[in-house]
Amino acid sequence: MENRILGLHHITAIANNAQRNYDFYTHVLGLRMVKKTVNFDDPSTYHFYYGNETGTPGTILTFFPWEGIGQGRTGVGMATEIGYSVPAGSLDNWAGRFREMGVSMGEQAERFGETYLPFTDPDGLAIALIQHPDDRPVWETADLKEDIATRGFHSVTLTLKSIDATARVLTDIFGYSAQGQEGNRYRFVTDSTPTASIVDLLEEPTGTRGHNAAGTNHHVAFRVANDTIQMEFREKILSNGLQITPKIDRDYFFSLYFREPGGVLFEIATDNPGFTVDEPLAELGTGLQLPKQYQVSRDKIEKSLPVLH
């Protein structure tokens, strides 16, 4: 595999209530709970991973559901919209489903020649379903079959006061190319992968900074095949004058973190070792998995976490 960024790996956001978050993403959106674990820095808080059957990079949306954290506010220096691919002709079905389930949504519209349906989750996190050719395998539920189910990420939107420095990170370090512009939205795409390959930069020079709490995105992770390639990118980032963390073992992938010049927290995450290191494929997301350092405190941690029904 090429030594390149392979599009999006995962996106991590913040929620206000674990049960409500779980219900929405598994029952309303029909994603699979791929992993139920805890925040590495705060084991009294869950870390949920939602995706397709196997937790393929590019399908993984993760959450820190900090109970009672309060409402966040999106603004410049943040990822402000998550785009999911859905099949052509499925948006009317989704709109009907959202109406029945009381989901807040906007009107269908067009962007870069593709029709999309914007909506928000119970915490106000902005998401869009975008009709886009995508043959990734889906996770089917009783009422969300292949003709409607989400395929994984289509894109992520970053809102910035100025796009220039962020665009240089995407093009000069990550290998993306500018594809087009609509108003103050600039599209960047990588040809290293056919899916989860789009980053839109929304330029708002007079925009204000947001507040990172429920309903906002915490960070955006980009995908590499393994940690050897990952460390090559670490050297590239350092040589471009940016600060970046050492390699961190997140059990299911290895991570590097840096804040790009526009203020968004970026991560570079690996495909290896994957989500079946501690659970078989058929049982992904069914048990509480703990990082090694917290295994001795399992009883205490389990008692501190909200019970999920």
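Which strand supplies the largest share of the lining of the second largest pocket? What you see is a predicted model, in which local features need pLDDT of at least 70 and side-chain atom pairs count only at pLDDT 80 or more, while totals for chains, interfaces and linings use all residues. Residues are numbered from 1 along each chain as its sequence is written, and side-chain values use heavy atoms, with hydrogens and water left out.

Let's begin with the overall build. The protein has five helices and 16 strands; these are DSSP runs numbered from the N terminus, helices being H or I with at least four residues and strands E with at least two. Along the principal axes, its C-alpha atoms fill a box of roughly 50 × 45 × 40 Å. The radius of gyration is 18 Å, which agrees with the value near 19 Å that a compact globule of 309 residues would have. That radius is taken over C-alpha atoms, and the globule rule is 2.2 Å times the number of residues to the power 0.38.

Of the 309 residues, 58% count as buried, meaning under 20% relative accessible area with a 1.4 Å probe and protein chains only. Contacts here are heavy atoms within 4.5 Å. Among contacts between residues at least 6 apart in sequence, 68% join residues at least 24 apart.

Leaving aside residues up to four places away in sequence, Trp94 touches Val28, Leu29, Val86, Leu117, Leu129, Leu144, Ile148, Ala149 and Thr150.

Now for the open spaces. On a 1 Å grid over the protein atoms alone, a pocket is an open set of points with protein on both sides within 12 Å along at least five of seven lines; a cavity is a set where a 1.4 Å probe fits but cannot get out, and lining residues have an atom within 4 Å of a point. Grid points are joined across faces, edges and corners, and a volume is the space filled by probe spheres set on the points.

The largest pocket has a volume of about 220 Å³. Of its 16 lining residues, Asp41, Phe64, His219, Arg250 and Tyr257 are the closest to its centre. Strands that each supply at least two residues of this lining include E1 (8-15), E4 (60-65) and E13 (217-224). By class, the lining has six nonpolar, seven polar and three charged residues. Here Ala, Val, Leu, Ile, Met, Phe, Trp, Tyr, Cys and Pro count as nonpolar, Asp, Glu, Lys and Arg as charged, and the others, Gly among them, as polar.

The second largest pocket has a volume of about 180 Å³. Gly77, Met78, Asn212, Arg259 and Gly263 are the closest to its centre among the 14 residues that line it. This brings us back to the opening question: E13 gives the largest share of this lining, three residues.

Finally, look inside, where there are two cavities of 30 Å³ or more. The largest cavity has a volume of about 60 Å³, and its lining includes Arg32, Trp139 and Thr150. Thr150 is also one of the residues that Trp94 touches. The second largest cavity, about 40 Å³, has a lining of four nonpolar, five polar and no charged residues.

How values were computed:
Buried means under 20% relative accessible area, exposed over 50%, partly exposed in between (1.4 Å probe, protein chains only).
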